[in-house]
Amino acid sequence: TSIDVVRLDVDVLRSVAGEAVVLAVVTALGVLVTAAALEIALRGDADLDRELRAHGIANLVSGALGGLVGANSAARTLLAREAGATSRACGAVAAIACALVLWIEPGVIGVFARPIMGGTLLYLGGALLVEWVVRGRRKLATIDHVIVIAMVVAVAAFGFVPALVLGILASCALFAFRYAAISAVRQRFTNAEHTSTEQRNAHDLRLLAQHGRESWVVRLRGHL
């Protein structure tokens, strides 16, 4: 059926506009955090720009067709990898299987969904807790391990979103503190000690040799 734009309730759209923005921001942050976690778990590099573009396009298409917001999942990704499903065909097969179940007999979902998802969450949740809370004590610095434990406690006490905000704020503060301890100056020298690669005439070279020590060159480090 076509959508009648005239009959859309503008007041309802305005009332949920703020929630929609928050949902988009939280989803984008969740995508980045999950991608970072998968980078560590799988010992590889993720293309964050591609991840954000793919999620944005997929959610636009899903919303246009009346679907829900979707995002990457560390639990399902790790489960698929442990099961040997390491190609992109894994996602396509899962989508086709879900479509077939909905088309043939949707009631089957209610029979298998809770036991399967419950067992999967218990297994992967326990594995992640052992990896980051128990083994992380030996692999991570003390302050990093404290942040991990604080996020676990925040998830249990307040939910995922507050824990995500807490982790981002703590990580940013820790990054700023550590970066402030590093000198911003990487190198410093005069023009008499190090000249540029530009080709100069004899007159300019004599001037640099005479007055090069009067000017300092400072090379900064990192993001500066």
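A residue is called buried when its relative accessible area is under 20%, exposed when that area is over 50%, and partly exposed in between (1.4 Å probe, protein chains only). The structure described here is a predicted model, in which local features need pLDDT of at least 70 and side-chain atom pairs count only at pLDDT 80 or more, while totals for chains, interfaces and linings use all residues. Residues are numbered from 1 along each chain as its sequence is written, and side-chain values use heavy atoms, with hydrogens and water left out.

His-145 belongs to helix H7, residues 142-158; helices (H or I, at least four residues) and strands (E, at least two) are DSSP runs, numbered from the N terminus. His-145 counts as buried because its relative accessibility is 11%. Apart from neighbours within four places in sequence, His-145 is in contact (heavy atoms within 4.5 Å) with Trp-132, Val-133, Gly-136, Arg-137 and Leu-140.

Helix H1 comes next. Its 33 residues, 10-42, should span 48 Å at 1.5 Å a residue, and the end C-alpha atoms lie 46 Å apart, which agrees; the expected span is 1.5 Å times one less than the number of residues. The buried residues of H1 are Thr-27, Gly-30, Val-31, Thr-34, Ala-35 and Leu-38. An α-helix has 3.6 residues a turn, so residues three or four places apart point the same way. The buried residues of H1 pack against helices H2 (48-64), H3 (74-82) and H8 (160-180). Just after H1, Arg-43 adopts a positive phi of about 55°.

Charged side chains deserve a look of their own. Side chains of opposite charge can pair when their charged atoms come close. A search of the whole structure finds three salt bridges, each defined as a side-chain nitrogen of Lys or Arg within 4 Å of a carboxyl oxygen of Asp or Glu. Glu-131 meets Arg-135 at 3.4 Å, N to O, and also pairs with Lys-139, with the closest N and O atoms 2.4 Å apart. Glu-131 is partly exposed at 23% relative accessibility, as are Arg-135 at 42% and Lys-139 at 49%. Another salt bridge joins Arg-178 to Asp-144, the closest N and O atoms being 3.3 Å apart. This pair links distant parts of the chain, with Arg-178 in H8 and Asp-144 in H7, 34 residues apart. Through shared partners, salt bridges join Glu-131, Arg-135 and Lys-139 into one network.

The surface also carries a nonpolar patch of about 600 Å², made by Val-101, Leu-102, Val-108, Ile-109, Val-111, Phe-112 and Ile-116. Helices H4 (89-104) and H5 (108-134) each give two or more residues to this patch, and H5 gives the most, with five. Such patches are made of residues with over 30% relative accessible area and no salt bridge, with like charges joined within 9 Å and nonpolar side chains (Val, Leu, Ile, Met, Phe, Trp, Tyr) within 5 Å. Accessible areas come from the Shrake-Rupley method with a 1.4 Å probe, and for residues only the protein chains shown count as cover.

Finally, Gly-212 sits in the loop between helix H9 (202-211) and strand E2 (216-220). Gly-212 is buried, at 2% relative accessibility. Gly-212 and Ala-192 are 20 residues apart in sequence, with their C-alpha atoms 4.3 Å apart in space.
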